[in-house]
Amino acid sequence: MKKIFLTIILLISISSCKSSKRITNSSPKEISKSNQSKLSPKILNVIENAEAYRGVRYKYGGTTKKGMDCSGLIYTAFNEENIELPRTTTLMSKDGNWIDLKKAKEGDLLFFATNKNSRKINHVGLVVSTNPLQFIHSTSSRGVIISSLKERYWYFAFVQARRFL
C-alpha cells in the first residue's frame with residue numbers, strides 16, 4: 001500500500017508543469033521603449049519579479065528561490081506587487097478575463113495542457129514579450145526559463161490566455 005501511494009505521488013509531481021526536452025531557453029526580446037511607455041509600472045514590476053527567478057530549479061509547490069513550480073512563479077511574481085491570484089494553475093485558469101491570443105500582451109498569462117491525450121490545463125506562463133510571443137515559466141526539467149510560443153511543443157499545448165492586469 002505504501003509503494004502504491006508513493007508511486008501515485010511521484011506520478012503526480014512528474015506530470016505537473018511538465019515540458020518537453022526540445023524546449024530552448026530563449027532570451028527575451030527586450031520590451032521596446034515605445035512599448036514600455038504603454039505598460040503600467042505594475043506590469044513591468046510583475047515581469048521583473050518573475051525574471052528575478054530565472055534559473056531557479058523546479059520544486060513542486062515551491063514559491064521561493066529554493067524552488068518554484070509554474071503556478072508558484074506566477075503567484076509569487078504578482079504577490080510581490082500586492083496582487084492576489086489563486087495559488088494553483090487550475091484556479092488561475094478560471095479567474096481573470098479571457099483574451100484572444102492575438103491580443104495578448106506583456107503581463108498576460110498563458111495556459112497549457114501538457115499531458116498527452118488531455119486538454120486539462122496544468123501549466124501556466126507569464127508573457128514577457130510579444131512579437132514573437134515569449135513567456136516565463138517553470139518546467140520540471142529545466143526550472144524557470146523563458147520560452148517562445150513559436151516552439152512547436154508550446155504552440156500545440158496552448159489552451160487559453162487570460163488577463164489579470
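**Reasoning about the aromatic cluster, sheet and salt bridges**

Modeller: Phenylalanine 135 and tryptophan 154 are both buried. The model is a predicted one.

Colleague: What makes tryptophan 154 count as buried?

Modeller: The relative accessibility of tryptophan 154 is 0%. The limit for a buried residue is under 20%, so tryptophan 154 falls in that class.

Colleague: How many aromatic pairs does the structure hold?

Modeller: There are seven aromatic pairs. One of them joins phenylalanine 112 to tryptophan 154.

Colleague: Why is the pair of phenylalanine 112 and tryptophan 154 called edge-to-face?

Modeller: The ring centres lie 4.9 Å apart and the planes make 70°. Pairing requires centres within 6.5 Å, and edge-to-face requires an angle over 60 degrees; both conditions hold, and the name therefore applies.

Colleague: What parts of the chain does this pair tie together?

Modeller: Phenylalanine 112 belongs to strand β4 (residues 109–112) and tryptophan 154 to helix α6 (residues 152–157), so the pair connects parts that are 42 residues apart in sequence. Phenylalanine 112 is buried as well, with a relative accessible area of 0%.

Colleague: How do you know how the rings of phenylalanine 135 and tryptophan 154 are arranged?

Modeller: Their centres are 5.6 Å apart and their planes stand at 85°, so this pair is edge-to-face. The pair links distant parts of the chain, since phenylalanine 135 is in strand β6 (residues 134–139) and tryptophan 154 is in helix α6, 19 residues apart.

Colleague: Which residues do ring pairs link into a cluster?

Modeller: The cluster consists of Phe112, Phe135, Tyr153, Trp154 and Phe158.

Colleague: What makes lysine 65 count as lying over the face of tyrosine 53?

Modeller: Lysine 65 is 5.2 Å from the ring centre of tyrosine 53 and lies over the ring face.

Colleague: In what order do the strands of the open sheet run?

Modeller: Six strands follow the order β3-β8-β4-β5-β6-β7, with antiparallel pairing.

Colleague: Why are β3 and β7 called edge strands?

Modeller: β3 (97–99) and β7 (143–148) each pair on one side only. Direction ignored, neighbouring strands of this sheet are turned by 35° against each other on average.

Colleague: How do you know that β4 and β8 pair?

Modeller: Four bridges join β4 to β8 (residues 158–163) in the antiparallel sense. Pairing needs at least two bridges, so the two strands qualify. Leucine 109 stands opposite arginine 162 in β8.

Colleague: What makes β6 a mostly covered strand?

Modeller: Six of the six residues in β6 are buried. Gln134, Ile136 and Ser138 are on one side and Phe135, His137 and Thr139 on the other, and both faces are covered.

Colleague: Why is the contact between aspartate 69 and arginine 87 called a salt bridge?

Modeller: The N to O distance is 3.3 Å. The cut-off is within 4 Å, so the side chains of aspartate 69 and arginine 87 meet it. Aspartate 69 is buried at 5% relative accessibility, whereas arginine 87 is partly exposed at 26%.

Colleague: What does the salt bridge between arginine 163 and aspartate 108 tie together?

Modeller: The side chains of arginine 163 and aspartate 108 meet at 2.8 Å, N to O. Arginine 163 lies in strand β8 and aspartate 108 in the loop between β3 and β4, so the pair joins parts that are 55 residues apart in sequence. Aspartate 108 is buried, with a relative accessible area of 1%.

Terms used. Residues numbered from 1 in each chain as written. Predicted model: local features only at pLDDT ≥ 70, side-chain atom pairs only at ≥ 80, totals over all residues. Heavy atoms only, no water. Phe/Tyr/Trp six-rings, centres within 6.5 Å; stacked < 30°, edge-to-face > 60°. Buried < 20%, exposed > 50% of the residue type's maximum accessible area, 1.4 Å probe, protein only. Lys NZ or Arg CZ within 6 Å of the ring centre and 35° of its normal. Axes fitted to C-alpha atoms, helices over the stretch in contact; angles between N-to-C directions.
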